[in-house]
Amino acid sequence: MFEDFRLKVFVKVAELGSFTAAARALGVSQPAVSQNIAELEKTLNTTLFERTKGQVILSGQGRLMEDYARQILHWYSVAEDALRNGPCSPLVLPVDELSDAQIWSSNGDLHITFKKK
């Protein structure tokens, strides 16, 4: 399966507001969750969560990262689906003399890209 486990951990902590609850939900130890978040924060050179006694909330940078993390995990899933089940043939519609729109569905989502002819 395609995924960056650090992103999966990050999204789960953001959803549950707790490192311990995220660890339980993911079936890993709480120190493993802490380590993955620390690695992600170090890689990004930013603080993703504000940690207070008994509470973990997204920082401003964390809220921004959450959107990207969800999109990245989604596209990993789309790529895996395409590779596992074979690519689907997109519907190609001319937009103008120079470009076409390609439209296809995967994982319940509708995708549209524009390509130059």
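Predicted model: local features only at pLDDT ≥ 70, side-chain atom pairs only at ≥ 80, totals over all residues.

Below are my entries, in the order I looked things up.

**Entry 1: the core.** I started with the largest nonpolar core, which has 18 residues. Which of them touch the most other members? I got Phe10, Val13, Val33, Ile37 and Phe49. Then I checked where the core residues come from: helices H1 (5-16), H2 (19-26), H3 (30-44) and H4 (60-85), plus strand S2 (55-58), each supply at least two. H1 gives the most, with six residues.

**Entry 2: Phe10.** I listed the contacts of Phe10, skipping residues up to four places away in sequence. The list reads Ile37, Leu40, Leu48, Phe49, Leu58, Gly62, Met65, Glu66 and Ala69. Phe49 is on that list, and I followed it up through the rings.

**Entry 3: aromatic pairs.** How many aromatic pairs are there? I count two. For Phe10 and Phe49, the ring centres are 5.3 Å apart and the planes sit at 55°, so I logged this pair as tilted. Phe10 is in helix H1 and Phe49 in strand S1 (residues 49-52), so the pair ties together parts that lie 39 residues apart in sequence. Both of these residues are buried.

The other entry in my log is Phe19 with Phe49, an edge-to-face pair at 6.0 Å centre to centre and 70° between the planes. Here too distant parts of the chain are linked, with Phe19 in helix H2 and Phe49 in strand S1, 30 residues apart. Is Phe19 buried or exposed? I find 9% relative accessibility, so Phe19 counts as buried. Phe49 comes out buried as well, at a relative accessible area of 1%. Taken together, ring pairs link Phe10, Phe19 and Phe49 into a cluster.

**Entry 4: Ile37.** Back to another of the core residues with the most contacts to other members. Ile37 is in helix H3, and its relative accessible area is 0%, so I call it buried. Leaving out neighbours within four places in sequence, I see Ile37 in contact with Val9, Phe10, Val13, Phe19, Phe49 and Arg51.

**Entry 5: H2 against H3.** At what angle do H2 and H3 pack? I read about 110°, with the axes 8 Å apart. The two helices are therefore roughly perpendicular to each other. H2 brings Phe19, Thr20, Ala22 and Ala23 to the contact, and H3 brings Gln30, Val33, Ser34 and Ile37. Sorted by class, that contact holds five nonpolar, three polar and no charged residues.

Entry 6: His111 is in strand S5 (residues 109-116). I get a relative accessible area of 5%, so His111 is buried. What is His111 in contact with, neighbours within four places in sequence aside? I noted His74, Trp75, Val78, Gln102, Ile103, Trp104, Ser105 and Ser106.

Asp4 lies in the segment before H1. Buried or exposed, at 18% relative accessibility? The cut-off for buried is under 20%, so Asp4 counts as buried. With neighbours within four places in sequence left aside, I find Asp4 in contact with Leu73 and Tyr76.

Definitions and conventions: Residues numbered from 1 in each chain as written. Heavy atoms only, no water. Core = buried A, V, L, I, M, F, W, Y, C linked by side-chain atoms within 4.5 Å. Buried < 20%, exposed > 50% of the residue type's maximum accessible area, 1.4 Å probe, protein only. Helix = DSSP H or I, 4+ residues; strand = E, 2+ residues; numbered from the N terminus. Contact = heavy atoms within 4.5 Å. Axes fitted to C-alpha atoms, helices over the stretch in contact; angles between N-to-C directions. Parallel < 35°, antiparallel > 145°, perpendicular 65-115°, else oblique. Nonpolar A, V, L, I, M, F, W, Y, C, P; charged D, E, K, R; others polar. Phe/Tyr/Trp six-rings, centres within 6.5 Å; stacked < 30°, edge-to-face > 60°.
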